[in-house]
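Welcome! Take a moment to look over the sequence and the model shown here, and then we will walk through some of its parts together.

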Amino acid sequence: MAAAQKAARRLLRDFGEVEQLQVSIKGPSDFVSQADLRAEATLKAELGKGRPDYAFLMEEAGSSGPEEWKFRWVVDPLDGTTNFLHGIPHWAISIALERRLGKTSEIVAGVIYAPAQAELFVAEKGVGAFLNDRRLRVSARREMKEAVFATGIPFAAIPTQRAFSATLERLMPQVAGVRRFGAAALDLAWVAAGRYEGFWELNLNPWDIAAGVLMVREAGGFVTDEQGGDPLASGNVVAANPHLHAPLREIVAAGAAAAGRR
């Protein structure tokens, strides 16, 4: 929490001067700013100071630290970079702590901090999920027709456009609405807070979702990929409250299957 808050102070200053930021293009629709790099450096320094024997998996810097790590930080210093660079105050810092268990691993703690909204989401395995010290629970809605779901729209360079279109075609007639706000970590945190009934997106990276997956589960929700497997292994995530996870997952799986047949 302290590391996220320290990195956020500089990000907020940069956000106030977003037009002056030096921006380089990292790939189609994937921008990396000086603010992003500075935030990652701050997070690595602060987390490393607190736990010098932990490894890192970071969006910009990649993997570092001991190869035989027992604990690893999984960090996205600025989720929602495009929002940030356009002056849209919907972006976050995401930090997860991963523990190795033999040949597998699990996420045991997570922080998602949205500085522009002054919202600090925190989760610990077996303890719960919280927003600014208030306990979180997922939505209790049971009917698809009452549900609002969040998603991410694939960019031109991401090969999931057909699956997304096929899923949306199946889902939209059944629900109250679909939202796309451009920050997967916050989408998952908002599912945990009951603001959305669920969220799905394909082809994500571990740092996009690690903290958010734990957040939803600790708030009483279900998170898998579209086949019911581990979203951190596949990069595909379907998160929802217990009543609507199964129908959402089935629709996402059908959309992916239909896209594969085209």
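In which strand is Arg 72 found? Arg 72 is found in strand S5. Helices (H or I, at least four residues) and strands (E, at least two) are DSSP runs, numbered from the N terminus. This is a predicted model, in which local features need pLDDT of at least 70, side-chain atom pairs count only at pLDDT 80 or more, and totals for chains, interfaces and linings use all residues. Residues are numbered from 1 along each chain as its sequence is written, and side-chain values use heavy atoms, with hydrogens and water left out.

Arg 72 is buried, with a relative accessible area of 15%; buried means under 20% relative accessible area, exposed over 50%, and partly exposed in between (1.4 Å probe, protein chains only). Leaving aside neighbours within four places in sequence, Arg 72 is in contact (heavy atoms within 4.5 Å) with Ala 55, Phe 56, Leu 57, Ser 63, Ala 96, Leu 97 and Glu 98.

Asp 76 is also found in strand S5. Is Asp 76 buried or exposed? Asp 76 is buried, with a relative accessible area of 1%. Beyond its neighbours within four places in sequence, Asp 76 is in contact with Glu 59, Ala 92, Ile 93, Ser 94, Trp 207 and Asp 208. The C-alpha atoms of Asp 76 and Val 122 are separated by 15 Å, with the two residues 46 apart along the chain.

**The sheet of 8 strands**

S5 belongs to an open sheet of 8 strands with mixed pairing, in the order S4-S3-S5-S6-S7-S8-S9-S10. Strand S4 (62-64) and S10 stand at the edges with a single partner strand each, so one side of each is left without a neighbour in the sheet. Two strands pair if DSSP finds at least two bridges between them.

| Strands | Sense | Bridges |
|---|---|---|
| S6 (residues 92-101) and S7 (residues 104-114) | antiparallel | 9 bridges |
| S8 (residues 119-124) and S9 (residues 128-131) | antiparallel | 4 bridges |
| S9 and S10 (residues 134-135) | antiparallel | 2 bridges |
| S11 and S12 (residues 177-179) | parallel | 3 bridges |
| S11 and S13 (residues 198-201) | parallel | 3 bridges |

You can follow some of these pairs residue by residue. Leu 101 stands opposite Thr 104 in S7, Glu 124 has Gly 128 in S9 as its bridge partner, and Leu 131 stands opposite Arg 134 in S10.

Now look at the turns. Most residues other than glycine have a negative phi. The hairpin of S8 and S9 has 3 residues between the strands, and Gly 126 there takes a positive phi near 80 degrees. In the hairpin of S9 and S10, with 2 residues between the strands, Asn 132 takes a positive phi near 50 degrees. Ala 118, in the loop between S7 and S8, has a positive phi near 55 degrees.

**Helices and the other strands**

Helix H1 (residues 2-15) lies across strand S5 (71-79), S6, S7 and S8, running at about 150 degrees to S6. Helix H2 (residues 34-50) lies across strand S3 (55-58), S4, S5 and S6, at about 155 degrees to S5. For these angles, axes are lines fitted to C-alpha atoms, for helices over the stretch in contact, and angles run from 0 to 180 degrees between N-to-C directions.

Which residues of helix H4 (residues 161-171) are buried? They are Ala 163, Phe 164, Ala 166, Thr 167 and Leu 171. These residues cover an arc of only 165 degrees around the axis, which puts them on the same side of H4; the arc is that of the directions from the helix axis to the C-beta atoms. Arg 162 and Glu 169 are exposed, on the face of H4 turned away from its buried side.

Strand S11 (residues 148-151) is covered on both faces, with Val 148 and Ala 150 buried on one side and Phe 149 and Thr 151 buried on the other.

Finally, Asn 203 lies in the loop between S13 and H6. Asn 203 has a positive phi near 65 degrees and is partly exposed, with a relative accessible area of 43%.
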